[in-house]
Amino acid sequence: MRLTTEEQAMLAGAQGPATKKAMEIVVALANIYEAEELVPVVSAQVAGVSYGNLGDAGLGFLQEWADQGARVKVPTTLNPAGMDLKAWQELGIPEEYATRQLEIIKVYRAMGIAPSCSCTPYLIGNNPGLGQHVAWSESSAVSYANSVLGARTNREGGPSALAAAISGRTAKYGLHLEENRRARHLVEVNCPVESVADFGALGYMVGQKVGDAVPYFRLNSHAKPALEQLKVLGAAMAASGAVALYHVEGVTAEARTGTVLADDPVTMTVEHLKEGYEALDGVARDIDLVWIGCPHASLKEIEKVAELLAGRRTKAQLWVTTARDVLNAARAEGTADKIESCGGRVVADACLLGAPIHEMGFGSVATNSGKGAFYLLSHLGMQVRFGSLFQCVEAAISGRWLP
Ligand code: F3S
């Protein structure tokens, strides 16, 4: 593997022990994946933020790195934490958990990272362009960056994305290379795919079938999916499979600019979404919590929730998770307040999956997110209902899941 003179110096410790450690991680990965060289990155997205996932061992690891002088070289954003960093008390987060969570954020701040805490960094200014190399973790964000924006990243883990942020480099292999970005699976979708939940169900089905391959979608009954639909499609495929890049004919970045479909692809057709809905939807009748915003909600999605609530009171808890900047925009236009006056919450900085939800007493959750439903079922053993935003909001109002 070739290293530039500057990279060799960083690896030898010329920029201090923290950068040396970062380079060691990046170079180790480059060796494992047989990369021929490293590539500079323009941004990083770091996962491993919630105390629920990191624990004390993770916090100790980060603290030690920061104490060695770790500072990021490129704009770096953070994945969601396990709680709203400001309104955690109102949400019933245990104090001990909150204290640890705030310590983690303090360490990241010391490294020069703004506590953005969102899985949709592309909605709050971390928006790399076509062909730019980045080092992102968080599988749904990776999928969006590669597919919709046409940037280039592998599915980094939290430590490797942080190492890339501190060294400014990542190993050039996998999806950083042009030849690995072509689709060898063609997905002909012949049924209507309309709601966000429909795109989640489709993503679940395709992710299960293609694993970590690159699928190319031909949406024969849908003209042009919106950002909100593309983000859930990628998130669901990244969860049920390990898809890090997909193309949608005439829509996503590289599908618009080049020939990204391989000759003679493996073709699958989707005639209905029943399989996806059946796998993700359970049988619970009573709903404790309705969760919208996985991946984090856009302003448009928050507006839609406010519109569907239409001034009614919620019986179940309703959380709309989003980035703090998006929450601020929703506050400025009054939609966040409308949701809260109905009994719902617009929760910034957090992912429900990183929150102590069992301790908070939630047993059944309704969501319109394919990824959210998949993980609530498979990782947290919750009772889950999966359906459209309309169904979810009605469940929040009545406390019951209605057919
Ligand atoms: Fe984001 Fe958490 Fe969903 S990180 S994609 S809200 S599972």
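**View 1. Aspartate 349 sits in the loop between strand 12 (345–348) and strand 13 (364–367).** Helices (H or I, at least four residues) and strands (E, at least two) are DSSP runs, numbered from the N terminus. This is a predicted model: local features need pLDDT of at least 70, side-chain atom pairs count only at pLDDT 80 or more, and totals for chains, interfaces and linings use all residues. Residues are numbered from 1 along each chain as its sequence is written, and side-chain values use heavy atoms, with hydrogens and water left out. Aspartate 349 counts as buried at 1% relative accessibility; buried means under 20% relative accessible area, exposed over 50% and partly exposed in between (1.4 Å probe, protein chains only). Its side chain joins that of arginine 324 in a polar contact of 2.6 Å. Such a contact is a pair of N or O atoms within 3.5 Å; within protein, one must be able to donate a hydrogen and the other to accept it, and residues adjacent in sequence count only if both atoms are side-chain atoms. Leaving aside neighbours within four places in sequence, aspartate 349 is in contact (heavy atoms within 4.5 Å) with residues including Pro80, Asp84, Cys117, His296 and Arg324.

**View 2. Arginine 345 forms a salt bridge with glutamate 90.** The closest N and O atoms are 3.2 Å apart, and a salt bridge means a side-chain nitrogen of Lys or Arg within 4 Å of a carboxyl oxygen of Asp or Glu. By this rule the count comes to 25 salt bridges. Arginine 345 lies in strand 12 and glutamate 90 in the loop between strand 3 (76–78) and helix 4 (95–110), so the pair ties together parts 255 residues apart in sequence. Glutamate 90 is exposed, at 59% relative accessible area.

**View 3. Lysine 231 and glutamate 301 meet in a salt bridge of 2.9 Å, N to O.** This pair links distant parts of the chain, with lysine 231 in helix 8 (residues 227–240) and glutamate 301 in helix 11 (residues 299–309), 70 residues apart. Lysine 231 is buried, with a relative accessible area of 1%, and glutamate 301 counts as buried too, at 11%.

**View 4. Helix 6 (residues 158–167) is mostly covered.** Nine of its ten residues are buried, among them Gly158, Leu162, Ile166 and Ser167. Just after the helix, glycine 168 takes a positive phi of about 75°.

**View 5. Leucine 3 lies in the segment before helix 1 (5–12).** Leucine 3 is buried, with a relative accessible area of 19%. Apart from neighbours within four places in sequence, leucine 3 is in contact with Gln8, Leu11, Val27 and Leu38. Look for valine 39 as well: its C-alpha atom and that of leucine 3 are separated by 9.8 Å, though the two residues are 36 apart along the chain.
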